[in-house]
Amino acid sequence: MEFKDYYQILGVAPEAETSEIKAAYRRLARKYHPDLNPEKDAEEKFKEVAEAWEVLKEDNRRAEYDELRRYGGKHRQHFEPPPGWRSATGGDFQHFGGDFSEFFQSIFGGGFGEGPGGVWRQFDARGQDIEIQMPVFLEETVADTRKQVNYEIPAMDRDSLGSIKKTLNVTIPAGVTDGERIRVRGQGAPGQGKAPPGDLYLHIRLVPHPLFDVEGHNLLITVPVAPWEAALGTKVMVPTLEGKISLTIASGSKSGQKLRVRGKGLVGKTGKGDLLAVLKVVMPPLVSREVQDLWRQLSEKAAFDPRAGWGSK
Amino acid sequence: MATTVLRIAVSELCEQDELSHSLLLEMVQYDIARPVAGSSIEDWVFDATTAHWLKKALRLRRDLELDWVAVAMLIDLLRERERLDQENQQLRHRLGRFLEDDGQ
């Protein structure tokens, strides 16, 4: 295994004071903490930084590491602890429930298995929770829906951290909303030792619909209407998630105006939302001279200035 | 078929994360989490979304050595950012429908 230079990881000199190392850790932890940094490799970087701090923050552990560093400096790529090595400072490690590198475990324990100094103590730690994005179509929120989930869980593959692909069938309950999380018990990363696995969290993301938008439990649909339909009023057939309905557009309607149809929205925990039909007045193409003449007549008779509100300046 | 659950009881939450009642009470007092049911701490039930933020708060407090006030503010801001990102995406999508060419 490769020797880990914790000083280099934290960007400090080997003779740095603990306060300086602490400052470096804080800066890097803030930068790479996976709860603050969504980048893919942030978690791995944070683990490295946290592991380095875990070792260097305590004088005794740091002294042990320094000793090994002097020894391991000659064998960077193929490091093995000296024969008979056993740490006197292993113990209560804080980060990631003991999820440390093989290098760390070979020196300080905190894992389980056969080590150079004998059998390490068994380490029980619950598996990590895993969160994945779960795309859900609007139509699938109307009733309980069964869906297949494919995801990867981290797993040790001999000496290195790999992943296992997993497939699950889950039920997405009716009425889920965008951004909501649902839990699948015991389907996260496996636990260490005798500890149970973590949970899988599904972060619900509603897939954009070709016709509908979502506002809470209300559905919005943009209804294109011709200028004369808006002016004179009409009835149009409007799609909902459960078939078409007839919608009356009053005369003198405006673009952007919302018409509410109660109970035709999404299923919510406290009842159904509404459908909001948003009118959008669209212009027809100028297909003939005759139509153009009719528009001209209208402009002369209507005497309408849409920019009257701008004033004369 | 794996069982999906929308809620998590306090006993399970505490067992999972080695979380004490007093720590949980602090998080509720700082408004990091709000139970959806239960009148006493032993009966509290949280929804899965709150459990997600609660676990995040625990990790941030431990790994960044923050106090609860800082954690509460951070969680507030992270939640708000998630909500605004979501809203921004939805509004952009809606605006797109209105701005697209009239030729459809």
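# Briefing on the predicted A–B assembly

Glu54(A) and Lys57(A) form a salt bridge, with the closest N and O atoms 3.7 Å apart; a salt bridge here is a side-chain nitrogen of Lys or Arg within 4 Å of a carboxyl oxygen of Asp or Glu. Glu54(A) is buried at a relative accessible area of 1%, where buried means under 20%, exposed over 50% and partly exposed in between (1.4 Å probe, protein chains only). Salt bridges with shared partners also join Arg126(A), Asp129(A), Arg183(A), Arg185(A), Asp199(A), Glu12(B) and Lys55(B) into one network. The model is predicted: local features need pLDDT of at least 70, side-chain atom pairs count only at pLDDT 80 or more, and totals for chains, interfaces and linings use all residues. Residues are numbered from 1 along each chain as its sequence is written, chains are lettered from A and ligands numbered from 1 in the order in which they are written, and side-chain values use heavy atoms, with hydrogens and water left out.

**Interface between chains A and B**

- Contact, defined as heavy atoms within 4.5 Å, links 54 residues of chain A with 37 residues of chain B.
- The area buried between chain A and chain B is about 3,800 Å², and carbon and sulfur atoms give 48% of that area; buried area is the accessible area (1.4 Å probe) that two parts lose on being put together, summed over both.
- Asp35(A), Arg181(A) and Arg183(A) supply 19% of the area that chain A buries against chain B, more than any other three residues.
- Nine salt bridges are counted between the two chains. One of the salt bridges in the model pairs Asp35(A) with Arg59(B), whose closest N and O atoms are 2.7 Å apart.
- There are 19 residue pairs in polar contact between chain A and chain B, both residues being at pLDDT 80 or more. A polar contact is a pair of N or O atoms within 3.5 Å; within protein, one must be able to donate a hydrogen and the other to accept it, and residues adjacent in sequence count only if both atoms are side-chain atoms.
- Several elements of chain A each supply at least two residues of the side that touches chain B, among them helix 2 (18-32), helix 3 (42-56), strand 5 (160-172) and strand 15 (275-281). Helices (H or I, at least four residues) and strands (E, at least two) are DSSP runs, numbered from the N terminus.
- Helix 2 of chain A gives the largest share of that side, five residues.
- The residues on the side of chain A that touches chain B comprise 23 nonpolar, 12 polar and 19 charged. Ala, Val, Leu, Ile, Met, Phe, Trp, Tyr, Cys and Pro count as nonpolar, Asp, Glu, Lys and Arg as charged, and the others, Gly among them, as polar.

- An open sheet of four strands, with mixed pairing, has the order 3(A)-7(A)-6(A)-1(B). Two strands pair if DSSP finds at least two bridges between them.
- Strand 3 (130-136) of chain A and strand 1 of chain B stand at the edges with a single partner strand each, so one side of each is left without a neighbour in the sheet.
- Strand 6 of chain A and strand 1 (residues 4-5) of chain B run antiparallel and are joined by two bridges; Arg183(A) stands opposite Val5(B).
- Strand 6 of chain A also runs antiparallel to strand 7 of chain A, with four bridges between them, and Val184(A) stands opposite Leu200(A).
- Strand 10 (residues 234-240) and strand 11 (residues 243-249) of chain A run antiparallel and are joined by seven bridges. These strands form a hairpin with two residues between them, and Thr240(A) stands opposite Gly243(A).

**Salt bridges within chain A**

- Over all chains, the count comes to 31 salt bridges.
- Arg69(A) forms a salt bridge with Asp5(A), with the closest N and O atoms 3.1 Å apart. Arg69(A) lies in helix 4 (residues 59-72) and Asp5(A) in the segment before helix 1 (6-10), so the pair ties together parts of chain A that are 64 residues apart in sequence.
- Asp5(A) counts as buried at 10% relative accessibility.
- Lys47(A) forms a salt bridge with Glu43(A), the closest N and O atoms being 3.7 Å apart. Both residues lie in helix 3 of chain A, four residues apart, about one turn of the helix.
- Lys47(A) is buried, with a relative accessible area of 12%, whereas Glu43(A) is partly exposed at 26%.

**Surroundings of Trp295(A)**

- Trp295(A) lies in helix 7 (residues 289-302) of chain A and is partly exposed, at 25% relative accessibility.
- Leaving aside residues up to four places away in sequence, Trp295(A) touches Pro227(A), Trp228(A), Met283(A), Pro284(A) and Leu286(A).
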